[in-house]
Amino acid sequence: MISIIFSRTILVFSLYLFFCFSALADTTFIGTVKTVQGKVTIQENTIEFDAKLNDKIYEGYVIETEKNGNIGLVFIDGTQLSIGPSSQVIINRYLFSPKEKSYAFDVMLNNGSAIYTSGKLGALSPESIKVQTPEATIGVRGTKFLVEVD
Amino acid sequence: MELFLIISVVFVVLLNIPTTTKVTLLPDEKENSQITVFNESGTQVVDKPGDAVAVASQSARPTAPKAVDLEKITLQHASLFAIQPQKSETFLLYFENNGADLLSESKLLIDKIIATANDRSSPIINIIGHSDAAGSSEYNLALSLKRATAVANLLQSENIKDVEYRIDSYGENDPLVKSGKEIEPKNRRVEVEIW
């Protein structure tokens, strides 16, 4: 009996937590646009829009900057990816779930330039990180680097 | 129809313009920074900040690391370097054993957290609960969420402008101090990260 009451209490408490933070129920976003300058477009399937400050980033986004465009992304683990002018970046895969110990970071720079700065993902699971270009793949350990494709 | 075909061919050719990849390890405050650059033809390790490797194609080995002029590179990519988001600030709050009550010295940090968030435009506040490894991992996950929620409630009562909160709990999976299954006060914490 006591255990039933106890588990009900836990259930009610969990529901309470859930409703308190239902504004945060959007758990699929993986990062945000923290800085942006000039024209930067984001494509997802058939949708295309101009990137704005505080836009949420999702897996599968294709980010393209024009000649005057630059953008700075912060992922939920603290990884930063800044993208320079005339670039195309595809966010292939991103997973940061320390509860389940599942991690992935796979982005492709097809053209242009980018600076990667590692976050928690780099500390907890460096082997999950992959930055790709048409010519090579970059693996990291607690690092900041510049990659150029031209 | 024929015109369409011709255009497609031109398009494909344009996409196939060969590119070269250049990767430069940048100086950072983290120690032992290291990257590996690899493809079908070989692997190259770069562990000295300021060194760069170039890769001409998948069928060419990455070149040996070579020191580059960082000042020149920063100028060359001035707008990219300038767009980098501001670094985050992290605060650690500590708790009584087995509960969600803040230690008194940690309570004093709350005002500083609020001031830091107010200094940024549209801040993102990550509130991450952690526990030590004493007890079951399920219990620790629930406990660390309770701790994160307690901190979130404290901060949410202040009206920080355009703030976005993310609340999470890692339980015992990301200890600050490596310890066995014993009580470790340093791991009983909530991390508040402000972006």
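## The second largest pocket

Helices and strands are taken here as DSSP runs, at least four residues long for a helix and at least two for a strand, and they are numbered from the N terminus. In these terms, α2(A) is the element that gives the most to the lining of the second largest pocket, with 4 residues. The model is a predicted one.

The second largest pocket holds about 570 Å³ of space. Its lining is made up of 25 residues. Those that lie nearest the centre of the pocket are S118(A), G119(A) and K120(A) from chain A, with K30(B) and E193(B) from chain B. Two or more residues of the lining come from each of α2 (120–124) of chain A and β6 (89–94) and β9 (189–194) of chain B. Seen by domain, chain B contributes at least three residues from domain 1 (17–71) and at least three from domain 2 (89–194). By residue type, the lining of this pocket divides into 10 charged, 9 polar and 6 nonpolar residues.

## The largest cavity

Searching the whole structure turns up 1 cavity of 30 Å³ or more. The largest cavity contains about 60 Å³ of space.

Which residues line the largest cavity? From chain A they are F29(A), G31(A), T32(A), V74(A), F75(A) and I76(A), and from chain B they are I124(B), N126(B), R166(B) and W195(B). At least two residues of this lining are supplied by each of β1 (31–37) and β6 (70–75) of chain A and β7 (124–130) of chain B. The lining of the largest cavity has 6 nonpolar, 3 polar and 1 charged residues.

The charged end of K56(A) sits over the ring of F29(A), at 4.9 Å from the ring centre.

## Aromatic pairs

A pair of aromatic rings is described by the distance of the centres and the angle of the planes. Over all chains, the count comes to 9 aromatic pairs. F96(A) and Y103(A) are both buried.

Why is the pair of F105(A) and Y116(A) called edge-to-face? The planes of the two rings stand at 70°, with the centres 5.7 Å apart. Planes over 60 degrees apart count as edge-to-face, so this pair falls in that class. F105(A) and Y116(A) are both buried. F105(A) and Y116(A) also belong to a cluster linked by ring pairs, together with F75(A), Y94(A) and F145(A).

## Chain A and P126(A)

Chain A has 150 residues, of which 53% count as buried. The chain contains 2 helices and 12 strands. Along the sequence, the order of elements is α-β-β-β-β-β-β-β-β-β-α-β-β-β.

P126(A) lies in the loop between α2 and β10 (129–132) of chain A. Is P126(A) buried or partly exposed? Buried means under 20% relative accessible area. The relative accessibility of P126(A) is 22%, so the residue counts as partly exposed. P126(A) and G139(A) are 13 residues apart in sequence, and their C-alpha atoms are 7.7 Å apart in space.

How values were computed:
Residues are numbered from 1 along each chain as its sequence is written. Chains are lettered from A and ligands numbered from 1 in the order in which they are written. This is a predicted model: local features need pLDDT of at least 70, side-chain atom pairs count only at pLDDT 80 or more; totals for chains, interfaces and linings use all residues. Side-chain values use heavy atoms; hydrogens and water are left out. On a 1 Å grid over the protein atoms alone, a cavity is a set of points where a 1.4 Å probe fits but cannot get out, and a pocket is an open set with protein on both sides within 12 Å along at least five of seven lines; lining residues have an atom within 4 Å of a point. Grid points are joined across faces, edges and corners, and a volume is the space filled by probe spheres set on the points. Ala, Val, Leu, Ile, Met, Phe, Trp, Tyr, Cys and Pro count as nonpolar, Asp, Glu, Lys and Arg as charged, and the others, Gly among them, as polar. Domain bounds come from an automatic or database domain assignment. Rings of Phe, Tyr and Trp (its six-membered ring) pair if their centres lie within 6.5 Å; planes under 30 degrees apart count as stacked, over 60 as edge-to-face and the rest as tilted. Buried means under 20% relative accessible area, exposed over 50%, partly exposed in between (1.4 Å probe, protein chains only). A charge sits over a ring if NZ of Lys or CZ of Arg is within 6 Å of the ring centre and within 35 degrees of the ring normal.
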